[in-house]
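Let's take a friendly walk through a protein model. Have the sequence and the 3D view ready, and follow along helix by helix.

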Amino acid sequence: MPTTSKGANIALWITQGLLAAIFLYAGGFKLAMPMAALAKASPLPALFLKFVSVCEITGALGLILPGLLGIRRDLTPIAAACLVVIMVGAVTVTILTLTVQMAILPFVVGVLAIVVARGRRNWLGRGAS
């Protein structure tokens, strides 16, 4: 039996959709960029950024598909938690290489991912429910 109210469930789905769109865009953009362009745009190795982009795309799919399909819904809070880890790295790198003000957006995205991870934790252990 779900422990999330209807309003909270709707808010979580909206947040999941927004985060999925953000991570699909960011991950897809980095994945499509040539390695040379990535190397110029970031102090991090281009191959690492390609890896992160695949993780972002996979995480975005993990935010939406399990709930939509009703299969392995327990993967949604795990995907959200993994995206939090990516955003901690993004905030850290942004602060170290740019400014604290530029780190606000990845910080907010990370907080939203925490909200989804906590809000969907009732899906953990319920795979196909």
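**A helix among helices**

The buried residues of helix H1 pack against helix H2 (35–41), helix H3 (46–69), helix H4 (75–97) and helix H5 (104–119). Here, helices are DSSP runs of H or I with at least four residues, numbered from the N terminus; buried means under 20% relative accessible area, exposed over 50%, and partly exposed in between, using a 1.4 Å probe and protein chains only. This is a predicted model, in which local features need pLDDT of at least 70 and side-chain atom pairs count only at pLDDT 80 or more, while totals for chains, interfaces and linings use all residues. Residues are numbered from 1 along each chain as its sequence is written, and side-chain values use heavy atoms, with hydrogens and water left out.

Start with H1 itself, which covers residues 6–32. Its 27 residues should span 39 Å at 1.5 Å a residue, and the end C-alpha atoms are 38 Å apart, which agrees. (The expected span is 1.5 Å times one less than the number of residues.) Which residues of H1 are buried? They are Leu 12, Thr 15, Gln 16, Leu 19, Ala 20, Phe 23, Gly 27 and Lys 30. An α-helix has 3.6 residues a turn, so residues three or four places apart point the same way.

Now look at where H1 meets H5. Their axes, which are lines fitted to C-alpha atoms over the stretch in contact, come within 10 Å and cross at roughly 135 degrees. That makes H1 oblique to H5. Angles run from 0 to 180 degrees between N-to-C directions; under 35 counts as roughly parallel, over 145 as roughly antiparallel, 65 to 115 as roughly perpendicular, and the rest as oblique. On the H1 side, the contact (heavy atoms within 4.5 Å) includes Leu 18 and Ile 22, and on the H5 side Val 109 and Leu 112 are among the residues involved.

How do H4 and H5 pack? Their angle is about 160 degrees and their axes are 8 Å apart, so H4 and H5 are roughly antiparallel to each other. Among the residues that meet are Ala 80, Val 84 and Met 87 in H4, and Phe 107, Val 109 and Ile 114 in H5.

Finally, find Leu 69 in helix H3. Is Leu 69 buried or exposed? At 57% relative accessibility, Leu 69 counts as exposed. The C-alpha atoms of Leu 69 and Val 109 are separated by 25 Å, and these residues lie 40 apart along the chain.

Technical notes:
Helices (H or I, at least four residues) and strands (E, at least two) are DSSP runs, numbered from the N terminus. The expected span of a helix is 1.5 Å times one less than its number of residues.
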